[in-house]
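The entries below follow the order in which I looked things up.

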Amino acid sequence: MKDEIFKKPIKKQFEFDESVASVFDDMLERSVPFYKEVIDLISNLIVKNISSNNSSDFVISDLGCSTAQTLLEIYKKSGKSVKLIGIDNSPAMIKRAKNKAKAYGAKIEFIMGDILKEQIPLSNVIISNYTLQFIRPLKREKLVRKIYNSLKEDGIFIVSEKVISEDKTLNLHLIEEYYSFKKKKGYSDFEISQKREALENVLVPYSDKENMEMFKNAGFSYSEIIFKWANFSTYFIKKRF
Ligand code: GEK
């Protein structure tokens, strides 16, 4: 279904409710630059990692899994032997994720809950794509520490985020580039400005430097940007280097 949520004047802050979930796959493809390419890249890297491990007890958890796009891509590439777990606190997202998994015949465990409160299963890989940005800064550091503790010793954390530039002018120019990307994807100026307003104080991006410092402070030994376009970054982070 096409995302037309912000065509009408909005009255509330952005929420992952039924109306957002019903258009979510279209929304992400048109709002996140290179969304498909990022999922393709990270799922390939994860599959390479499974091959060098014993796949029968290999656990992959996706925090803020939404409609399970990433987990399904990993499922398609890795076969059935790994354990896939998706956590999201939006009932509408989890409902769609379950339906999609069923349609693909994919065995994925879904946990409907808050990643700040739920116990994260001990995992080989933890993914959190475009989700940390929605966690209040005061709680974000603590969550990243919890993620560190939920990874096996050779575990990997993969994160994608909207980011800010520390250079104010560059930051403005990158945001302009992002808005022209959205316009090319068919969003009007009105829709773009309405969504920006709805996300105000809900989506709080960090700079690459702040994110990498946060990973280091949580105990991670290595982090690298493996994909970047304007104000979007994907990080590959290792517990032990
Ligand atoms: C993708 N990773 O397709 N606990 C659990 N879930 C949460 C929380 C929380 N505290 N806060 C937000 N969410 C996906 C896209 S979307 C990104 C992730 C976006 C969930 C929320 O319900 C939503 O499904 C997801 O995090 C963020 O690659 O919409 O920009």
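I started with lysine 228 and found it partly exposed, at a relative accessible area of 41%. My scale calls a residue buried under 20% relative accessible area, exposed over 50% and partly exposed in between, with a 1.4 Å probe and protein chains only. The model is predicted, so I took local features only at pLDDT of at least 70 and side-chain atom pairs only at pLDDT 80 or more, while totals for chains, interfaces and linings use all residues. Residues are numbered from 1 along each chain as its sequence is written, and side-chain values use heavy atoms, with hydrogens and water left out.

Entry: salt bridges.

I next looked up the partner of lysine 228. Lysine 228 forms a salt bridge with aspartate 208, with 2.8 Å between the closest N and O atoms. I counted a salt bridge where a side-chain nitrogen of Lys or Arg is within 4 Å of a carboxyl oxygen of Asp or Glu. Lysine 228 sits in strand β7 (residues 222-229) and aspartate 208 in helix α9 (residues 208-217), so the bridge ties together parts 20 residues apart in sequence. Helices (H or I, at least four residues) and strands (E, at least two) are DSSP runs, numbered from the N terminus. Is aspartate 208 buried or exposed? I read 15% relative accessibility for aspartate 208, which counts as buried.

I then checked lysine 83, which pairs with glutamate 109 in a salt bridge whose closest N and O atoms are 3.6 Å apart. This pair links distant parts of the chain, with lysine 83 in strand β2 (residues 83-88) and glutamate 109 in strand β3 (residues 108-112), 26 residues apart. Lysine 83 is partly exposed at 43% relative accessibility, and glutamate 109 is partly exposed at 37%.

A further bridge joins the side chains of glutamate 18 and arginine 96, at 2.8 Å from N to O. Glutamate 18 belongs to helix α1 (residues 18-22) and arginine 96 to helix α5 (residues 91-104), so the pair ties together parts 78 residues apart in sequence. I noted a relative accessible area of 39% for glutamate 18, which is partly exposed.

I also found a network of salt bridges that links Asp40, Glu73, Lys76 and Lys77. How many salt bridges does the rule give? The count is 12.

Entry: helix pairs.

I looked at helix α4 (residues 69-78) against α5 and read an angle of about 15 degrees, with the axes 10 Å apart. Axes are lines fitted to C-alpha atoms, for helices over the stretch in contact, and angles run from 0 to 180 degrees between N-to-C directions. The two helices α4 and α5 are therefore roughly parallel. Angles under 35 degrees count as roughly parallel, over 145 as roughly antiparallel, 65 to 115 as roughly perpendicular and the rest as oblique. On the α4 side the contact is made by Gln69, Leu72, Tyr75 and Lys76, and on the α5 side by Lys100, Ala101 and Tyr104. For contact I required heavy atoms within 4.5 Å. By class I noted 4 nonpolar, 1 polar and 2 charged residues in the contact of α4 with α5. Ala, Val, Leu, Ile, Met, Phe, Trp, Tyr, Cys and Pro count as nonpolar, Asp, Glu, Lys and Arg as charged, and the others, Gly among them, as polar.

I turned to helix α7 (residues 168-184) and helix α8 (residues 189-199), whose axes come within 10 Å and cross at roughly 130 degrees. This makes α7 and α8 oblique to each other. Tyr179, Lys182 and Lys183 of α7 meet Asp189, Ile192, Lys195 and Arg196 of α8. The contact of α7 with α8 has 2 nonpolar, no polar and 5 charged residues.

In helix α2 (residues 24-31) I listed Phe24, Met27, Leu28, Arg30 and Ser31 as buried. Their cover includes α1, α3, α5, α7, α8 and β8 (232-238).

Serine 90 lies in the loop between β2 and α5 and is buried, at 3% relative accessibility. Leaving out residues up to four places away in sequence, serine 90 touches Phe16 and Met112.

Leucine 45 is in helix α3 (residues 35-51) and is partly exposed, at 24% relative accessible area.
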